[in-house]
Amino acid sequence: MRWRSDRQRNHRRARSIQRPGRTRHRHHARRGRTAFAGIPDADMWRTLQAEHACSLPEGFARQYADRLERTFRTELRPLPHVHETLEVLKERGLDLCVASSSMPAKLEAALKMVGLWETFAPHVFSTAQVAKGKPAPDVFLYAARQMRAAVLDCVVVEDSVPGVLAARAARMRAVGFVGASHNGPQQRQRLLDEGAFEVIDDLRRLPEII
């Protein structure tokens, strides 16, 4: 199961892109909350450079990562009710893990900031460990192997379209989550359209449906 919001990360990612120069960054900020939600940063940079036939300036990725880390330290918060929901699932004997598009160092830092690292470690997996990021199923299949779980027994909690597509490609059930403030009004239907079997806006509902 995946708990940290990639769309929340992408919302902050989009804001970071706006700052150095204002010409096309607002367009990228809007796209960042939808088209690039749930995919690795490197894939987004490649797509943007190819679409605009340009190269990012030297050091851009590092500057972006530093700015995002500063934003995380002041603004990142755990999703409402995540701690109590995880406790309920653990009491039921379910094995939990994280499978994220974030790079390992960023993922560890973010989970520690919201008090979830000890809950999941060492079962924290990144697309950096596999050949392809979401919407390819690689990271979910890798997580299942590491957890020694049959894919048909796995449930993925996802708030992005690429994440739901990745879960379905891995033959796992996907629960869509739209309970974060950055989710737009159309996100529920998008997740259902791409194969989520249920969409929730309150994590406390999760134990009822899996």
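## A loop residue with positive phi

His81 sits in the loop between α4 (60-75) and α5 (82-91); helices (H or I, at least four residues) and strands (E, at least two) are DSSP runs, numbered from the N terminus. Its phi is near 70°, a positive value in a residue other than glycine. His81 is partly exposed, with a relative accessible area of 28%. On this scale buried means under 20% relative accessible area, exposed means over 50%, and partly exposed lies in between (1.4 Å probe, protein chains only).

Arg171 also has a positive phi, near 65°, and is a residue other than glycine. Arg171 is placed in the loop between α9 and β4. With a relative accessible area of 54%, Arg171 is exposed.

## The model and the chain

This is a predicted model, in which local features need pLDDT of at least 70, side-chain atom pairs count only at pLDDT 80 or more, and totals for chains, interfaces and linings use all residues. Residues are numbered from 1 along each chain as its sequence is written, and side-chain values use heavy atoms, with hydrogens and water left out.

The chain has 210 residues, and buried residues make up 50% of them. Its secondary structure comes to 11 helices and five strands. Among contacts (heavy atoms within 4.5 Å) with a separation of 6 or more, 65% are between residues 24 or more positions apart. The accessible surface of the chain is about 10300 Å², and carbon and sulfur atoms hold 49% of this. Such areas come from the Shrake-Rupley method with a 1.4 Å probe; for residues, only the protein chains shown count as cover.

## Parallel strands and crossovers

In strand β3 (residues 155-158), Val155 and Val157 point one way, Val156 and Glu158 point the other way, and all are buried. In a regular strand the side chains alternate between the two faces of the sheet.

β3 runs parallel to strand β4 (residues 173-177), and four bridges join the two; strands pair if DSSP finds at least two bridges between them. Val155 is opposite Arg173 in β4. Four of the five residues of β4 are buried. β4 also pairs with strand β5 (residues 198-200), in the parallel sense, over three bridges. Here Gly176 is opposite Val199 in β5.

β3, helix α9 (residues 161-169) and β4 form a right-handed β-α-β unit. Another right-handed β-α-β unit consists of β4, helix α10 (residues 187-193) and β5. A crossover is right-handed if, with the strands pointing away from the viewer, the path from the first strand over the helix to the second runs clockwise.

## One side of helix α6

Helix α6 (residues 104-113) has Lys106, Leu107, Ala110 and Leu111 as its buried residues. They lie on the same side of α6 because they cover an arc of only 125° around the axis, the arc being that of the directions from the helix axis to the C-beta atoms. An α-helix has 3.6 residues a turn, so residues three or four places apart point the same way. Gly115 follows α6 and has a positive phi, near 75°.

## Cysteines and cis bonds

The whole structure has zero disulfides, a disulfide being a pair of cysteine sulfur atoms within 2.5 Å. The sulfur of Cys97 is 7.4 Å from the closest cysteine sulfur, in Cys154, which is too far for a bond. Cys97 counts as buried at 9% relative accessibility, and Cys154 counts as buried at 14%.

The peptide bond from Ala121 to Pro122 is cis, with omega near 5°. Pro122 is in the loop between α7 (117-120) and β2 (124-126). Lys134 and Pro135 are also joined by a cis peptide bond, with omega about 15°. Pro135 lies in the loop between β2 and α8 (138-147).
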